[in-house]
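The following account leads the reader through the structure step by step, beginning with a convention for describing how elements cross.

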Amino acid sequence: MSAAAADPDEARAAATPALLVAGLYKSFGQLEVLRGIDLAVAEHEVVCLIGASGSGKSTLLRCVNLLEPIDAGRIVVAGEEITAPRVDVNRIRRRIGIVFQAFNLFPHMTVLDNVTLAPRKVLHLPRAEAADRALALLERFGLADKRAEFPDRLSGGQQQRVAIVRALAMEPELLLLDEVTSALDPELVAEVLAVIRQLARGGMTMLIATHEMGFARDIANRVCFLDAGRILEEGPPEQIFRAPRAERTQRFLQRVMEAGRL
Amino acid sequence: MTFGGGPLGHPGDLIPLQGPRGSRLVRDRDALRSTAVALLSTVIVFAALGLLVVNAPGWAAVQRSFFNGAVFAKSLPAIVGAFWVNVQLFLLAEVLILVLGLVLAILRSLPGPVFFPVRLMAMIYTDIFRALPGVLVIYILGFGMPGLGIEAIPREPFFWAVVSLTLIYSAYVSEVYRAGIESIHPSQEAAARSLGLSRVQSLRYVIVPQAIRRVIPPLLNDFIGLQKDTVLVSYVGVVEIFRQSYIKQAANFNFTPYIATALVFLVVTIPLARLTDVLVQRDRRRAATSSR
């Protein structure tokens, strides 16, 4: 981890990408949502997906986690093609974590049980060991005192942090974040973004769909602008936000700026 | 009294503008008056109905044959004793129904073309047993199965009574479970699957536990029905409460034992019905207060 962080660009160029998406197409009935996505994410890289609602950001993340069957294309995770026929989807999914906009915590379980369920049932860790590891993670993100609470007793920000911890408990190679702050009250956004920053500093490879432009500019190594199911423009955040090349990117950022979100 | 309405919706907000009507004293007096009116109108309605029955031309005869105190006292112990058979039927069948109903519901919710035959069979099962009058199932199994004369097949009517009730009610209960399973938002399964849980694991640890919690009130409703339908097995010779009251009626040439039986059911069933209503109310309140 630290070696890569020392000289990230060189390390990235040498290694197989953590995620490679090639020629990805996805339709829901007549509606073409993804129309040829090509994207590579290097290990320890943070890539932000921006774009209007309906541009395909969430669908792309759901496809990468195999929650949606794809129509055409390939998705390769650390050299293994996960879209190949007969691949064990359960084995793939435990390597890729996803955090959803609406948290999707299990309401009938305590915070601790939410976090330990998958390590116990999927990785077959003994209960005590799973609990120890979960508590260490909860501690790290300031949630240890909430371990025995049920999700409906937590604030939105706390619920989303628990959801992130739940994904991390599987020690994923790649973390997908799907507009994780969109359902939160404005005053709760910061605590969740702080957690994601902490993860980025720790070298977590992340693909993040977000409407928080300031956050994307801060945290991303690279920003992709999605428009009508294609990546219209991508580049370092400075370039995308300061000097967008495509006219549509300019118009999108203009609208975002007018809405006061940049 | 309603709770909703928002900041402008409370009628009480306007009352101070209208003078003394809004005072606590006046409101207490209003409440007292509406209670009194409710009480009075109830008494009048029931008194009128009572008078109608008592003044009916055949009342004297009905009173003798349905409301005979001596027969009541004499037959009650045997009737209450026979009710124990209904309780056993009910409890045994209930456990089996809860299991078989859940199995059927899970079979019907298995996805994909591979499981189509399984889904089809579960569907045919629920269709058949919801379509048949319960009494027919009890007759056919209760007389037919022992009639086959196969050694391994039990002959006791009680056994076939439990089997029949289980088969009939599992069809209904599986539909209740299925509605519960389908009411759990797909995002819950997505969350479970995204962590690497298999379809079966996410059903077992995430979907079904939440679904069961949601369907407890409708399940209790079905069990109220089951409790009453235990009398149907009297047709195949199980001496339970209804059969016993028939025996007592025949012995006394008097219908009072049926009234005693009716009372036993009222005493047992009404509390269960009330409990169900309370649980439904609590569920509704909880659904209203939790945001997601």
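When the crossing of two elements is described, axes are lines fitted to C-alpha atoms, for helices over the stretch in contact, and angles run from 0 to 180 degrees between N-to-C directions. In this predicted model, helix H3 (residues 57-64) of chain A runs at about 115° to strand S1 (19-28) of chain A. Helix H3 of chain A lies across S1, S2 and S4 of that chain.

These strands belong to an open sheet of four strands in chain A, ordered S2-S1-S4-S5 with antiparallel pairing. Its edges are strand S2 (31-41) and strand S5 (80-81) of chain A, each of which pairs on one side only. Strand S4 (residues 72-77) of chain A is joined to S5(A) by two bridges, and the two strands run antiparallel. A:Val76 has A:Glu81 in S5(A) as its bridge partner.

The largest nonpolar core comprises 125 residues. Among those with the most contacts inside this core are A:Val64, A:Leu207 and B:Ala161. Helix H8 (residues 157-183) of chain B gives the most to the core, with 13 residues. Neighbours within four places in sequence aside, the contacts of A:Leu207 include A:Leu19, A:Val41, A:Leu61 and A:Val64.

Chain B is assigned domain 1 (12-54) and domain 2 (69-289). The centres of these two domains, taken over C-alpha atoms, are separated by 42 Å. Helix H3 (residues 24-54) of chain B has 31 residues and reaches 45 Å from its first C-alpha to its last, close to the 45 Å expected at 1.5 Å a residue.

Conventions:
Residues are numbered from 1 along each chain as its sequence is written. Chains are lettered from A and ligands numbered from 1 in the order in which they are written. This is a predicted model: local features need pLDDT of at least 70, side-chain atom pairs count only at pLDDT 80 or more; totals for chains, interfaces and linings use all residues. Domain bounds come from an automatic or database domain assignment. The expected span of a helix is 1.5 Å times one less than its number of residues. A nonpolar core is a set of buried Ala, Val, Leu, Ile, Met, Phe, Trp, Tyr and Cys residues joined through C-beta atoms within 7 Å. A residue is buried if 20 or more other C-beta atoms lie within 10 Å of its own, exposed if 12 or fewer, and partly exposed in between; C-beta atoms are placed from the backbone. Two residues are in contact if their C-beta atoms, placed from the backbone, lie within 7 Å. Two strands pair if DSSP finds at least two bridges between them.
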